[in-house]
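This briefing is written for a reader meeting the structure for the first time. Please keep the sequence and the model in view while reading.

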Amino acid sequence: MTHSAPPTQGKTPEGQQGPDRGPAARPGLLMGRPFGVPVYVSPSWFLVAVLVTVMFEGQVHDVVERPLSYLVAFAYALLLYGSVFVHELSHAVTARAFRLPVRSVTLHVLGGETSIEREAPTPGREFLIAFAGPLVNLVLAGIGLLAHALLPLPDVAVLLVDALTFANLLVGVFNLLPGLPLDGGRLVRAAVWKATGRSRTGAIIAGWVGRGVAIATLVGGALLATYGTGADGGIGWLALLWSALVASFIWVGATQSIRAEYVRDRIPLLSARRLARRATLVTADTPLAEAVRRARDDHAGAIVIADHDGRPLGLVSEKAVTATPEHRRPWVTAGDLSRGTGDLTLPADLTGEDLMDALRRAPASEYLLVEPDGRVYGVLATADVDRAFAGI
């Protein structure tokens, strides 16, 4: 029910720390690429599909005999997530219409998420992308009401149409609640952005409102569990558990959105030179034990393979060095644990967004930093970039 973009832009999903490491692990099963957007289904969806089928089957059984009632209930579960899919796809299609790259759409236990790689450039476009999802659900709910009123439907169809109408109305209205990470929070952010001229202010206000929505959701579930239960109290406690799950999702998303803005504030302060580690240059045939000794003597934090004229040829992986036992280091050369510099060579003068963009283009654990004349300045470790954000 949310759409997201990396904090260092891109929706982050809201709020990863440090630079984007490039393509993330698949969030689930790839179901297709409508409009060129990868659509994934999380394994958690199958659990929800089973629960929806079991819970809805009781209503279906009043109309259809078993075992066909289970098939109809499962069809409802599919149609329900079809509504969620259309909701998320509307975000993706609207974003692409504004030439914003969309990474993926994922359906999961709490609905869905659309991952957009960059922020909308204007509050108006942010508003339209956010509103597209709830609008589709409300339109589907309206179509369901018209179908119920105007079409001569069999009992099973009436049951499915009514259930889907209610589900789309609920999804549409819920997503319009005014707090991140819900679509309504994006609308608040866009409105504050338009009024103040600062997207950061809008995001922080919408994030705090989102925290309020999370608390209200939890309180609402507790009240329902206390005062809205039947004789067995089962439905009330189920509502409490579900509201707690939804509230935690909203709270975490809102918190990440706030934190992402503080991350963004620190990006202009990043400097490759300031974060660089001193590098010791060795030839490829140098025993690893000797290379490590030289690095310690030089108070260096990295080892670079170079030719006899000092031209860099490769980077020695810190992880590989750490994984090599002490007793084997005299028999392993530094070159055995290195990789060519290639795309991993960056200008030492990179700062801010330019630095972040360079790290995203070629994800790696270490980068060689060079001066304008080609001399080695040092090595930049992404772990050090991450630590630059650790205090947020």
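**Overview**

Histidine 91 counts as buried, because its relative accessibility is 0%; buried means under 20% relative accessible area, exposed over 50%, and partly exposed in between (1.4 Å probe, protein chains only). The model is predicted: local features need pLDDT of at least 70, side-chain atom pairs count only at pLDDT 80 or more, and totals for chains, interfaces and linings use all residues. Residues are numbered from 1 along each chain as its sequence is written, and side-chain values use heavy atoms, with hydrogens and water left out.

**Annotated sites**

- Histidine 91 is found in helix α2; helices (H or I, at least four residues) and strands (E, at least two) are DSSP runs, numbered from the N terminus.
- UniProt, in an unreviewed entry, lists His87, His91 and Asp183 under "binding site".
- These residues span 97 residues in sequence, yet no two of their C-alpha atoms are more than 10.7 Å apart, so they gather at one spot.
- UniProt positions are given in the numbering used here, feature names are shortened, and annotations may be inferred rather than shown by experiment.
- Aspartate 183 has its place in helix α5, residues 183-196.
- With a relative accessibility of 0%, aspartate 183 counts as buried.
- The annotation "active site" in the unreviewed UniProt entry covers Glu88.
- Glutamate 88 lies in helix α2, which runs over residues 68-97, and glutamate 88 is buried at a relative accessible area of 0%.

**Helix α3**

- Helix α3 has 28 residues (123-150) and should span 40 Å at 1.5 Å a residue; its end C-alpha atoms are 40 Å apart, which agrees.
- The expected span of a helix is 1.5 Å times one less than its number of residues.
- At alanine 132 in α3 there is a kink of about 35°, shortly before proline 134.
- The bend at a residue is the angle between axes fitted to the seven residues ending there and the seven starting there.
- The buried residues of α3 include Glu126, Ala132, Pro134 and Asn137.

**Salt bridges**

- Side chains of opposite charge can pair when their charged atoms come close.
- The whole structure holds 19 salt bridges, each a side-chain nitrogen of Lys or Arg within 4 Å of a carboxyl oxygen of Asp or Glu.
- One of them joins glutamate 126 to arginine 186, with the closest N and O atoms 3.5 Å apart.
- This pair links distant parts of the chain, with glutamate 126 in helix α3 and arginine 186 in helix α5, 60 residues apart.
- Glutamate 126 and arginine 186 are both buried.
- Glutamate 126 also meets arginine 189 in a salt bridge, at 3.2 Å from N to O.
- Here too distant parts of the chain are linked, as arginine 189 is in helix α5 and glutamate 126 in helix α3, 63 residues apart.
- Arginine 189 is buried, as is glutamate 126.
- A network of salt bridges links Glu119, Glu126, Arg186, Arg189, Glu261 and Arg264.
- Arginine 311 forms a salt bridge with aspartate 309, whose closest N and O atoms are 3.3 Å apart.
- Aspartate 309 is exposed, with a relative accessible area of 60%.

**Nonpolar surface patch**

- Ile215, Val219, Leu223, Tyr227, Trp251 and Val252 make a nonpolar surface patch of about 630 Å².
- Two or more residues each come from α6 (199-227) and α7 (234-266).
- Helix α6 gives the largest share of the patch, four residues.
- Patches are made of residues with over 30% relative accessible area and no salt bridge; like charges are joined within 9 Å, nonpolar side chains (Val, Leu, Ile, Met, Phe, Trp, Tyr) within 5 Å.
- Accessible areas come from the Shrake-Rupley method with a 1.4 Å probe; for residues, only the protein chains shown count as cover.
- Tryptophan 251 lies in helix α7 and is partly exposed, with a relative accessible area of 37%.

**CBS annotation and helix α11**

- The unreviewed UniProt entry gives "domain: CBS" for residues 278-326 and 342-390.
- In residues 278-326 the end C-alpha atoms lie 23 Å apart, and the span is 33% helix and 29% strand.
- Glutamate 353 is found in helix α11, residues 352-361.
- Glutamate 353 is partly exposed, with a relative accessible area of 35%.
- Glutamate 353 and proline 268 are 85 residues apart along the chain, and their C-alpha atoms are separated by 6.6 Å.
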